[in-house]
Amino acid sequence: EGVAGVDSHSESDRVADLFGPEPHSREAGGVDCHSQPNPVADLLGPGGPVTDSREGASEAPDSGALSIWGALRTLGDLACVSLTCSRLGSPDGFDVASHRATIRHFPLLTTLDLCGGNIGDWGVIALVGAFHSVPRLTSLDLSHNFIGDATVAWLAEALERVPRLTALRLGENDIETAGAASLASALGSVPLLRTLDLRRNLLRDTGVALLAGALSSVPLLTSLNLSATDVSTQGAASLARALPHVPLLTTLQ
């Protein structure tokens, strides 16, 4: 199953047209990813139900990270998956169907943190196709994954499947004005959003203005990070005019 109304074959064709036959694969070195590591043995070993899989800033090679990711599907009660800097993107290719199948095993998932996971455009496509399986998702971190405007458009379309989302982090990607436009048009799908992080993307004045115009759709927003987005005084002025629509905002960068 893919994006609503799109069968798996046509979805594959559309993805191939946009991104080509191979996914991106880049080094995740130097990524500033937050982490709260737990030993992997605690994750996969015997004991009571596992509800948190914070593997942390893993230095495992691609094969090791992918092995952990695949093993998680046996833990159906997971509420939190954090594999920051784990380089889930494989040099041999990102198996969209397999990774989508893994996500579908977590119906109770509330937090998914793949910051620095190197999953690229194809990885996000896999996640988007499984959003209907994780309706309780409240926090999604896809920072530093080399995803661009076309992929963000897919993500934006799918946000309606995770209406409980309160935190969306997409910092340090390749998102520009078109991606900002896609997100702006989709913010109404996540009215409970409290945190929006788009730092270090080339949104420019036009992208920031579009987002500012959509802030009324997320009146509960408390944190907005638009730092290092190539914004001038013009974009800042657009944002300032929109601030009354987010009266609970406490952090603005």
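Here is a walk through this predicted model, going from the whole chain down to a few single residues.

The chain is built from nine helices and eight strands. It has 253 residues, and 50% of them count as buried. Now think about which parts of the sequence touch each other.

Helix α5 covers residues 120–128 and helix α6 covers residues 149–158; their axes come within 9 Å and cross at roughly 10 degrees. Angles under 35 degrees count as roughly parallel, and α5 and α6 are therefore roughly parallel to each other. Where do they touch? On the α5 side you'll find D121, V124, I125 and V128, and these meet T151, W154, L155 and A158 in α6. Sorted by class, the residues of this contact of α5 with α6 are six nonpolar, one polar and one charged.

Next along comes α7. Helix α7 (residues 177–186) packs against helix α8 (residues 204–214) at an angle of about 5 degrees, and their axes are 8 Å apart. That angle makes α7 roughly parallel to α8. From α7, the contact takes in T177, A180, A181, L183 and A184, while α8 brings R204, T206, G207, L210, L211 and A214. By class, the contact of α7 with α8 has seven nonpolar, three polar and one charged residues.

Stay with α7 for a moment and ask which of its residues are buried. They are G179, A180, S182, L183, A184 and A186. The cover over the buried residues of α7 includes α6, strand β5 (167–169) and α8.

Helix α8 has another partner too. The axes of α8 and α9 come within 8 Å and cross at roughly 5 degrees, and α8 and α9 are therefore roughly parallel to each other. The residues of the contact of α8 with α9 split into five nonpolar, three polar and one charged.

In helix α9 (residues 233–242), G235, S238, L239 and A242 are buried. Viewed down the axis of α9, these buried residues fall within an arc of 95 degrees, so they line one face of the helix. On the other side of α9, T233, Q234 and R241 are exposed. As for what lies over the buried residues of α9, the cover includes α8, β7 (223–225) and β8 (251–252).

V231 sits in the loop between β7 and α9. At 34% relative accessibility, V231 counts as partly exposed. Leaving aside neighbours within four places in sequence, V231 is in contact with R204, D205, V208 and A236. V231 and A209 are 22 residues apart along the chain, and their C-alpha atoms are separated by 9.7 Å.

S139 belongs to strand β4 (residues 139–141), and at 14% relative accessibility S139 counts as buried. Which residues does S139 contact, leaving aside its neighbours within four places in sequence? They are T110, T111, L112, L165, A167 and R169.

Over in strand β6 (residues 195–197) you'll find T195. With a relative accessibility of 16%, T195 counts as buried. Again leaving aside neighbours within four places in sequence, T195 is in contact with T166, A167, L168, R169, L221 and S223. T195 and L165 are 30 residues apart in sequence, and from C-alpha to C-alpha they are 9.4 Å apart in space.

Last, a word on the cysteines. C80 is buried, with a relative accessible area of 6%, and C115 is buried as well, at 3%. How many disulfides are there, if a pair of cysteine sulfur atoms has to be within 2.5 Å to count? The count comes to zero.

Note on methods: Residues are numbered from 1 along each chain as its sequence is written. This is a predicted model: local features need pLDDT of at least 70, side-chain atom pairs count only at pLDDT 80 or more; totals for chains, interfaces and linings use all residues. Side-chain values use heavy atoms; hydrogens and water are left out. Axes are lines fitted to C-alpha atoms, for helices over the stretch in contact, and angles run from 0 to 180 degrees between N-to-C directions. Helices (H or I, at least four residues) and strands (E, at least two) are DSSP runs, numbered from the N terminus. Angles under 35 degrees count as roughly parallel, over 145 as roughly antiparallel, 65 to 115 as roughly perpendicular and the rest as oblique. Contact means heavy atoms within 4.5 Å. Ala, Val, Leu, Ile, Met, Phe, Trp, Tyr, Cys and Pro count as nonpolar, Asp, Glu, Lys and Arg as charged, and the others, Gly among them, as polar. Buried means under 20% relative accessible area, exposed over 50%, partly exposed in between (1.4 Å probe, protein chains only). The arc is that of the directions from the helix axis to the C-beta atoms. A disulfide is a pair of cysteine sulfur atoms within 2.5 Å.
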